[in-house]
Amino acid sequence: MGVKIHFTDAKGGSVEAEGEAGGSLLKVGQAHGLPLEGTCEGQMACSTCHVIVAAEWFDRLDQASEEEEDMLDFAAGVRRTSRLSCQIELTEALDGLAVTIPSDAHDMSA
């Protein structure tokens, strides 16, 4: 079953995307051309895949690890509901997840 994701980009535009359960939010965003660089390729060694999760969805996610929290310290524009998209594994329970890409996100690989 596909997991639907609603992305809001830095300019307020919307992108509806779908990924497979078990996949990462980062890969779905990248597949849809969103500026989620993921320099470390999901190894949690950077913060270039930072997203802001909609408040109503934040508590449905698994809790961030201490390592993820440490990496978020390096991300610009961090908020209470910030997460690294590489660390969000899609599940059926996240169908409809809404995230915003911060205005300082730039995909230098594009």
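Tutor: Two strands pair if DSSP finds at least two bridges between them, and strands (E, at least two residues) and helices (H or I, at least four residues) are DSSP runs, numbered from the N terminus. The structure here is a predicted model, in which local features need pLDDT of at least 70 and side-chain atom pairs count only at pLDDT 80 or more, while totals for chains, interfaces and linings use all residues. Residues are numbered from 1 along each chain as its sequence is written, and side-chain values use heavy atoms, with hydrogens and water left out.

Student: How many helices and strands are there in the protein chain?

Tutor: The protein chain has 3 helices and 5 strands. Along the sequence they follow the pattern β-β-α-β-α-α-β-β.

Student: How many bridges join S1 to S2, and how do these strands run?

Tutor: S1 and S2 run antiparallel and are joined by 7 bridges. Within this pairing, Lys4 faces Glu18 in S2. The hairpin of S1 and S2 has 5 residues between the strands, and Gly12 there takes a positive phi near 90°. S1 also pairs with S5: these two run parallel, with 4 bridges between them. In that pair, His6 stands opposite Ala98 in S5.

Student: How does the radius of gyration of the protein chain agree with that of a compact globule?

Tutor: The radius of gyration is taken over C-alpha atoms, and the globule rule is 2.2 Å times the number of residues to the power 0.38. For 110 residues the rule gives a value near 13 Å, and the protein chain agrees with it at 12 Å. Its C-alpha atoms fill a box of roughly 35 × 30 × 25 Å along the principal axes.

Student: Which residues of the largest nonpolar core touch the most other members?

Tutor: A nonpolar core is a set of buried Ala, Val, Leu, Ile, Met, Phe, Trp, Tyr and Cys residues joined through side-chain atoms within 4.5 Å. Buried means under 20% relative accessible area, exposed over 50%, and partly exposed in between (1.4 Å probe, protein chains only). The largest core holds 29 residues, and Phe7, Leu25, Val51, Val53, Ile88 and Leu97 touch the most other members. Among the elements that each supply at least two residues of this core are strand S1 (2–8), helix H1 (25–31) and strand S5 (97–100). Over the whole protein chain, 45% of the 110 residues count as buried.

Student: Is Ser82 buried or exposed?

Tutor: Ser82 is buried, at 4% relative accessible area, and lies in strand S4 (residues 82–84). A polar contact is a pair of N or O atoms within 3.5 Å; within protein, one must be able to donate a hydrogen and the other to accept it, and residues adjacent in sequence count only if both atoms are side-chain atoms. The side chain of Ser82 makes such a contact of 2.8 Å with the side chain of His50, and reaches the backbone nitrogen of Arg79 at 2.7 Å.

Student: How many disulfides does a search of the whole structure find?

Tutor: A disulfide is a covalent bond between the sulfur atoms of two cysteines; the criterion is a pair of cysteine sulfur atoms within 2.5 Å. The search finds 0 disulfides. The closest cysteine sulfur to that of Cys40 is in Cys46, and because the distance is 3.6 Å, it is too far for a bond. Likewise, the sulfur of Cys49 is 3.8 Å from that of Cys86, its closest, which is too far for a bond. Cys40 is buried at 16% relative accessible area, and Cys49 is buried at 2%.
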